[in-house]
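Hi there,

Here is the structure I promised to pass on. My notes follow below it.

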Amino acid sequence: MRRIIYFVATNVAVLVALGAVLSLTGLESILDEQGVGINLPALLGFSLVVGMGGSVISLLLSKWTAKRMTGAHVIESPSNAMETWLVETVRKQAREAGIGMPEIAVFPSPEPNAFATGARRDRALVAVSDGLLRSMTKEEAEAVLAHEVSHIANGDMVTMTLIQGVVNTFVIAIARVAGVLVDRAIFRTEEGHGPAYIVTSLVCQVVLGILASPLVFWFSRQREFRADAGGARLAGRESMIAALERLARVKDGEPLPEGMAAFGIRGGSAFAKLFSTHPPLEERIAALRSPATHSSHGRQRS
């Protein structure tokens, strides 16, 4: 119920914010003076449906998409000791984190990695690579699983969907305003939309999408620090640090598919930190070692 309230509140906030931006900047009156005549309520409604709708659909399909993009095999009934250990470990962590039992899957990849996804806390998916199971100790693998369970418990998938939806809504609305302004005020198209509208809208949507993406990536990086802290609570601070140190020592291998990179415990390479979904592993380890994190989040095994 709380997530539904958040979603509705976010939608209302987006509409109010877009309307306020257009009014406070004087853009609405400028467009009216130029005879543009944009139907702002219709534009905002369209932008919201398209911007939020695309993100929500992606979230609802995330488990299905993830399984097929990675070739993950869901463990319906454990067939060996390792699968039994995986299921029981996640079951214990999910109970401690206060979420429903997620689906457990293993996907083929030589690189040690794992991800969690799903639209609901009680029906999520946790998947690990077979490379992770081969290269990590059980304590390290347990910490990675705890990190992913913490993502689910924190509601990170829903949060990222809302953030991406808000950004998409702003981008779509502003791009179309720019397209109409150029088409009507500069090229003097009197009826319908001319070529200038289409070209300007598409170009602005691409450019604004790129310019806005660092905000989304910043939120993504913050959620990794929170999931690390949650992993430390569930599996032990030293185990979480050891798992991250193991990831730092492993050379880059075959990464997760591009569409899944943001969900993994180890992000792919990026040409700039602003466009990275994950903080550097060194920063994550340092955050776990800091006295503040140790006192508020760390938990030593007894």
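Before the notes, one term: contact means heavy atoms within 4.5 Å. Helices (H or I, at least four residues) and strands (E, at least two) are DSSP runs, numbered from the N terminus. Please keep in mind that this is a predicted model, in which local features need pLDDT of at least 70, side-chain atom pairs count only at pLDDT 80 or more, and totals for chains, interfaces and linings use all residues. Residues are numbered from 1 along each chain as its sequence is written, and side-chain values use heavy atoms, with hydrogens and water left out.

Four strands make up an open sheet with mixed pairing, in the order 1-2-4-3; two strands pair if DSSP finds at least two bridges between them. At the edges are strand 1 (73-74) and strand 3 (114-117), each pairing on one side only. Strand 1 pairs with strand 2 (residues 103-107) in the antiparallel sense over two bridges, and histidine 73 stands opposite valine 106 of strand 2.

Two helices meet this sheet. Helix 4 (residues 62-70) lies across strand 1, strand 2, strand 3 and strand 4 (125-129), and runs at about 155° to strand 3. Axes here are lines fitted to C-alpha atoms, for helices over the stretch in contact, and angles run from 0 to 180 degrees between N-to-C directions. Helix 5 (residues 81-97) packs on the sheet too, touching strand 1, strand 2 and strand 4, and its direction makes about 140° with that of strand 2.

**Helix 9 and helix 10**

Helix 9 (195-235) and helix 10 (residues 237-249) pack at an angle of about 130°, their axes 6 Å apart. That makes helix 9 oblique to helix 10 (angles under 35 degrees count as roughly parallel, over 145 as roughly antiparallel, 65 to 115 as roughly perpendicular and the rest as oblique). On the helix 9 side, Asp228, Gly231, Ala232 and Ala235 meet Arg237, Ser239, Met240 and Leu244 of helix 10. The residues of this contact divide into four nonpolar, two polar and two charged (Ala, Val, Leu, Ile, Met, Phe, Trp, Tyr, Cys and Pro count as nonpolar, Asp, Glu, Lys and Arg as charged, and the others, Gly among them, as polar).

**Around alanine 153**

Alanine 153 lies in helix 7 (residues 138-153). Leaving aside neighbours within four places in sequence, alanine 153 is in contact with Ala97, Ile99 and Arg121. Arginine 120 is 33 residues from alanine 153 in sequence and 9.8 Å away in space, C-alpha to C-alpha.

Best wishes
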